[in-house]
Structure formats: structure tokens, C-alpha cells
Amino acid sequence: VATAVEGEEVEVWGDGLQTRSFMYIDDCVEGLIRLMDSDYRHPLNLGTNELVTIDALFDKVGRIAGKNFTKRHDLTKPQGVRGRNSDNRRLKNVLGWEPSISLNTGLVPTYRWISGLVNSDPRHVKNFYKPFISTGDLVFDIGANVGARTNVFRYLLGTKVIAVEPHKSCVSSLQEKFGRD
């Protein structure tokens, strides 16, 4: 959305009806600090229970950007699981707390930050990572969609990169070992 032109057709992977929940970074950090300060030593799901479809998320970001688009759903692309949401009962029970920043509230600064990065000179992206990574460093990039970050690390920062996207069997194994929460 940040790089798209007004009225442009934008590709959405899947049918757009898959659901997710998103948590603003301030809530994530607060939850992690509370968890580290607690005596709880088991896996704990940290997330929000505000469920949104990908289409609705796209529409929200478009409104924040002040742009109108036509969505083109590509059913040949991966869409992930059909639905994912956080059950916060254990989180509230263990920490006496749950995330409070709504998706709408968190999307505004997040969109502005991302838009500033993708629409700026690539040197600005480099400067974002520069305090943490030096030329020649070995960077382990682990997670989903590592390609774009890997290019920033390798070509803009001159680092060596080992990029890994966990295989589904690895994720399943971790879920079996530690539970789904």
C-alpha cells in the first residue's frame, strides 16, 4: 500500500477472508517485560483477541494511507492458516494483563513508519539497521519472508547472511514439545 499509486490494483494473497490478530509493539514489549518479571516459566501466548480478515486489514491501511485501491485476490499464492487468533484467558490469569492498543490505533504509527522506510532513499533503511549491524557481520535472519530483509542486510549493509524460514514440521515439533499456548 505504501508504494502503490492511487487507484492501482493491488495483489492480495488468498481470498482475503483468512483471519489474523495483530499486536502493536508497545503492547508486545509490555507483555514481555511483565512475563520476564513474573515467576511463570512455561510457554504463554502473547497476542490480541481482535480478529480481522486480511481484506479488512487492507481496507484499514488504505484508509490510513488515504488511498483507494482495487484488490486482486491471487488464489495461487500461499495464504497460511485459515484463521488465527489469540486466546488470552491464560495471559490474563497469569499476568493480570492483556494488550490494550487497538489495531486501528497501532496501524497509524506503524503505517507511517513503514511508508517512510519504503518511500525513502535506501540509505535511510541502511541507517535504520546500522546501529545494530556492521559491514562484514554474520547475520542470522530467522522467520517468515526473510527475502526482503536478507537483501537489505546483504546489499545495503554488506553483511554475510544466513536466512532460514522454519519448515512446517519444525514448527509442529515445537508445538508438540511446548504445547500450543
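Predicted model: local features only at pLDDT ≥ 70, side-chain atom pairs only at ≥ 80, totals over all residues.
Let's start at Thr105, which sits in helix α4, the run from residues 103–118. The side chain of Thr105 makes a polar contact with the side chain of Ser102, at 2.9 Å. Now, how far apart are Thr105 and Tyr24 in sequence and in space? They are separated by 81 residues along the chain, yet their C-alpha atoms are 8.6 Å apart.

Next, helix α2. It covers residues 54–65, which makes 12 residues. From first C-alpha to last it reaches 16 Å, close to the 16 Å expected at 1.5 Å a residue.

The side chain of Asp55 meets that of Lys71 in a salt bridge, 4.0 Å from N to O. Asp55 is in helix α2 and Lys71 in strand β4, so this pair ties together parts that are 16 residues apart in sequence. Are the two partners buried or exposed? Asp55 has a relative accessible area of 14%, so it counts as buried, given the cut-off of under 20%. Lys71, at 26%, is partly exposed.

How many salt bridges are there in total? The count comes to eight. Another of them joins the side chains of Glu9 and Arg72, at 2.7 Å from N to O. That pair links distant parts of the chain: Glu9 belongs to strand β1 (residues 9–13) and Arg72 to strand β4 (residues 70–74), 63 residues apart. Glu9 is partly exposed at 47% relative accessibility, and Arg72 is partly exposed at 35%.

Glu30 and Arg34 form a salt bridge through their side chains, at 2.7 Å from N to O. Both lie in helix α1 (residues 25–37), four residues apart, about one turn of the helix. As for accessibility, Glu30 is partly exposed with a relative accessible area of 31%, and Arg34 is partly exposed at 32%.

Thanks, everyone, and I'm happy to take questions.

Technical notes:
Residues numbered from 1 in each chain as written. Heavy atoms only, no water. Helix = DSSP H or I, 4+ residues; strand = E, 2+ residues; numbered from the N terminus. Expected span 1.5 Å × (residues − 1). Polar contact = N/O pair within 3.5 Å; in protein donor to acceptor, adjacent residues only side chain to side chain. Buried < 20%, exposed > 50% of the residue type's maximum accessible area, 1.4 Å probe, protein only.
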